Amino acid sequence: MSHKVAATTRTPPTTAHSTTSADFFNNIINKIPLPKWAIIAIAVTAGVILLACILCIVIKCCCKKKKQKKKDKISLLGINGSTTTNFVQPDVDDLDAGLTERRGKLQYSLEYDFRTQELTVGVKQASQLIAMDSGGTSDPYVVTYLTTNLKKKYETKVQHKTLNPIFKEYYTFHIPQSDVSDADVVMKVYDFNRFMKHDIIGEVRIPLKSIDLNHVIEEWRELDQAVKDEQERLGDICFSLRYVPATGKMTVIILEAKNLKPMDTDGLSDPYVKIQLILNKKKWKKKKTTVKKNTLSPYYNETFTFEVPFEQIQNVVMVISVWDHDKVSKNEAIGKLFLGCKATGNQLQHWSDMLANPRRPIAQWHTLQPADEVDNAVGIKTRFKIP
């Protein structure tokens, strides 16, 4: 007798949790009054937005770290290295702040009379000046001059306790047409102080070569930071040197001068040039050009010859001086310079070029220097000046 055992198949039980979760989400979706495709689209869009926000946060954090590393690198280079990185450039914000600093502005006029060769400068008014006094105001006035004649300066009246002064003052400068291109008009605005040094607010500087003087000019211009006061310009002179060692013949050609300092009341001079040879600190030989009347840019093209033995050339000093001729009073020196083996700069270079190129004329421009400085350098006593 056989017994049959019925086989039973056991199905693994389904977790109640997964069924419950699926039913929960399905119930929520079914309750939303939108088709399934719309719900999926909204979910995808929300996911993209969330991902974009996370990406932006990550990028921002990385940028901050890079900036911090760059700053640390600059700092380390400035400490440990000898390079110029220790002079770190200012931030752009700092540069913008410096560029936007306002000193105020000035209204002026310029008019040149070609017939009389006179320039009329009008100082009209200023506006929005910076306050220099503790009370929030200033006591401004303006100093006007040409860079070709620093001795002739004009000052306006002081306008007290104002940042918007009105001047309306006019000044006339005599300047030959040939010298106009070399001159700048400078108007410096100062704050008056009765018991202390006057503070400079700013300046306007106009190169005359940059404007058309065929028309009257009237305009406003922003004040710039004032430059250091110029040294008095005495002028420039051009001459050539030629030396022949075999014959001991030295030839000097005085060609021309320009931008000479005015010595007469009319703003002109009557210049002539003197050439003087000094041997062992003693006056040896001298010659001079003709006088050119009423000019600050004379043209000479005059030739002079000196006998200088080759064995003496190392001990010779040549002094070139420009003088203002005066019929009534004593002639005045406008400026001087000296050449020789004991000279420096351009003068020494010119002398060396002459000796290195025998029989060849070497021409060069030189800037005149104060007479007393040259006299002291070469050992000439001023009481022996020859007119």
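Let's start with T144, which lies in strand β3, residues 140–146. Helices (H or I, at least four residues) and strands (E, at least two) are DSSP runs, numbered from the N terminus. This is a predicted model: local features need pLDDT of at least 70, side-chain atom pairs count only at pLDDT 80 or more, and totals for chains, interfaces and linings use all residues. Residues are numbered from 1 along each chain as its sequence is written, and side-chain values use heavy atoms, with hydrogens and water left out.

Is T144 buried or exposed? T144 is buried, because its relative accessibility is 0%. Buried means under 20% relative accessible area, exposed over 50%, partly exposed in between (1.4 Å probe, protein chains only). Its contacts (heavy atoms within 4.5 Å) include V121, Y171, F173 and M187, leaving aside residues up to four places away in sequence.

Now the partner strand. β3 pairs with β4, residues 149–155, antiparallel, over four bridges. Pairing takes at least two DSSP bridges. Y154 in β4 stands opposite T144. A two-residue hairpin links β3 to β4.

Cysteines next. A disulfide is a pair of cysteine sulfur atoms within 2.5 Å. The count is zero. C238 is buried at 8%. C341 is partly exposed at 33%.

Last, helix α5, residues 371–378. A371, V374, D375 and V378 are buried there. They sit on the same side of α5, because their arc is only 100°. That arc uses directions from the helix axis to the C-beta atoms. N376 and A377, on the other side, are exposed. The cover over the buried residues includes β11, β14 and β15. Just after α5, G379 has a positive phi of about 85°.
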